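Trainee: Could you take a close look with me at the place where the two chains meet? I would like one connected explanation.

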Number of protein chains: 2
Amino acid sequence: MKRIEWNRLDADARRACLARPGAGDQSEVEAAVKRVFEQVRADGDTALRALTRRFDGAELAAFEVTPAEMAAAIATVPASLRAALAEARERLLAWHRAGMASEFEVDTAPGVRCGRLLRAIPRVGLYVPAGSAPLVSTALMLGVPAVLAGCDEIVLCTPPRADGSADPAVLAAAELCGVRRVFKLGGAQAIAAMAFGTESVPRCDKLFGPGNRYVTAAKQLAAMMAGGPAIDMPAGPSEVLVIADAGAPPVHVAADLLSQAEHGPDSQVVLLTDSAALVDAVEAEVRRQVAELPREAIATRALEFARLVKVDSLDEAFAISNEYAPEHLILALREPRAWLGQVSCAGSVFLGDFAPEGLGDYCSGTNHVLPTNGAARAWSGVSVASFQKSISVQEVSRAGLAAIGPCAVEIARAEGLEAHAQSVLRRLENVR
Amino acid sequence: MKRIEWNRLDADARRACLARPGAGDQSEVEAAVKRVFEQVRADGDTALRALTRRFDGAELAAFEVTPAEMAAAIATVPASLRAALAEARERLLAWHRAGMASEFEVDTAPGVRCGRLLRAIPRVGLYVPAGSAPLVSTALMLGVPAVLAGCDEIVLCTPPRADGSADPAVLAAAELCGVRRVFKLGGAQAIAAMAFGTESVPRCDKLFGPGNRYVTAAKQLAAMMAGGPAIDMPAGPSEVLVIADAGAPPVHVAADLLSQAEHGPDSQVVLLTDSAALVDAVEAEVRRQVAELPREAIATRALEFARLVKVDSLDEAFAISNEYAPEHLILALREPRAWLGQVSCAGSVFLGDFAPEGLGDYCSGTNHVLPTNGAARAWSGVSVASFQKSISVQEVSRAGLAAIGPCAVEIARAEGLEAHAQSVLRRLENVR
């Protein structure tokens, strides 16, 4: 852990303190992804079989999980986990439903009615990482809003295990949400399959979900292709920033920093506090708690880069946090709600001493697919809106055209677009 | 114009009929853009000066338009155009304001309050093309929602003319919206300046606006950079698809096809109708009207690729249109509103015989920055939401944590993330 006195840093040191680790040279990753894309584009399912053999060590005749396979796998999931997933889903439904946008109409002039339609994106592709730790919760986080949005076709890809099966808990979560089409495909080849379509995998209009650097690079590459799919957001290592005052319990704060650190050695962990005593107490408590963790080695590596920053005031802490734009922002403050107005850039905010990040990760109801690496300055987390698009509509009567048409003609001519003007004028001749 | 009987086409011919022209080999464009990026990143304003000299033929000491320069330029804009821009802005404000999202809160469990904050993206960059035809209206389309969203800093770049001045009408539109910082910068160098920041141009969090292929490639390249800016949407040539029935006035339909065709030789123009007689009448009318246009040469080239398609039924027309996902969709139908439910993919819809695309382009109130090239399957046009992001919030009491904490612990352990479980459990110990 790096202890930092913010006011002893000059501007360059401050920038360095807030810098994320770069992804390093990506050219090898990109080249590998491009090769996978070319193979899948050219050979479809045949390429997918070869790539799955090579990267997952699994021999698969078909990729789609059959209903019988689904039912048998789900039966092996402990009842307590199934109940927890069902419970989490209820709260996810409540929050996501409450935040759904609505259509509207407004008369912008007499005879000119303008509105907005909402429509589900027809075909969406969800990626749920598995491997060392299958992200069961991610299946819920993507499946719940996709179903609420009403997407026609929801495809979920998750890597097969070496025996050719999918993780049962991921299947249980998918089934619970109403996601019916699950494919045992991982890595860049899963993204390629959903981006181009193959004999068995439908081509998708938008791709969602986290993944390793190959998956991430593949999503960005797919989004760059002309006519390619949209993607939910750019992805990077997970992050937490805690703003704590002198009254924050060190046990809680330390546990929060560790729950981020255990994700991986590249996890970003930052504490900002106006209390020097809290820095001491949290540092001691982190050292105590980390020793008890099964993922101690990973957490310890991430903690090497953790920054415990003493600031002069909480106002300063918020200014730093907004510049950093953390994925998760925990406000371990005595009156946390009173500070909410100062938050301008963050993925998700946790208020008070009893809101650990784990609740948002799993079951408070909010979505855990959130912008990282400073993307929270411009991007939002996943919601039902991520699975919809809005379509503007204008209905214009004869009188409406007479009222606003001359305005369009004036601007069209200023832009040198006479045919635009004529499309109004020829109708106006009909009006008069 | 290509006349097509849809039901004489096999599946491959149908796909070919709906295919957009590819962008062709982009590698030269991308290489040129990368060189510009490297120069601007390394040398900032010095590079911008050299690039502006080279590409715009303008010698500029400073790029930002001064208040005096702004006032003097605006005074040269005809009063009738200024009045039209002001009138258009009023309706844009009405539609964009009516569609603004709101914050919300919902209790997902007793003691668990989850909500959503809305925050403006702090720094946004707007690009307004100039050159042969300055897109005055685009300044309004980007400026109005940026100001409504409440962005802290709104930067607008528009290419300088050879004499080093900016287009006065673009300045008038910017000033009308409340956009105060205008820079005389065009092409990939404008995008690079806003993506990286230079001595004089602020680094922006999100970039908006149309442009030529260099601008488009630059936006996409910027969005690919780790930590780079977000962009509004991928851009391609403009498009219109008209669905017309036997009652549609051929004069209107022809004018609509031509108002699209005059944009450029790569403009996409499609008519779908169940009336063979209408195809004949529209074709004749287009030939008559095109001869009267100042941009006849451009329109004629675009019309070579225009498709006039006879379908068996309007239902079939809507199925084709949704697959094509046009930027602009005109419903020249007797009961257009009754068909709205069949529209699933389009940028903006125009209802009836008195709603030419020109109204949406300029002054109905809806936004004209819309998804092209099939992106309307997954993307929406620009709105106030494009300039905001949502931030999820959870506030949890002791009782709330006791209620939902065990659910989080169960799922965390299924994912092998014990520190996540502990961040809940150590607090629960404090609760009891």
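Mentor: Happy to; here is a walk through the contact between the two chains. This is a predicted model, in which local features need pLDDT of at least 70 and side-chain atom pairs count only at pLDDT 80 or more, while totals for chains, interfaces and linings use all residues. Residues are numbered from 1 along each chain as its sequence is written, chains are lettered from A and ligands numbered from 1 in the order in which they are written, and side-chain values use heavy atoms, with hydrogens and water left out.

Now the contact itself, meaning heavy atoms within 4.5 Å. Chain A contributes 122 residues and chain B 121 residues. The buried area is about 10300 Å², with 59% from carbon and sulfur atoms; this is the accessible area (1.4 Å probe) that the two parts lose on being put together, summed over both.

Finally, look at the charged pairs. Ten salt bridges are counted between chain A and chain B, each a side-chain nitrogen of Lys or Arg within 4 Å of a carboxyl oxygen of Asp or Glu. One of them joins the side chains of A:Arg377 and B:Asp205, at 2.8 Å from N to O.
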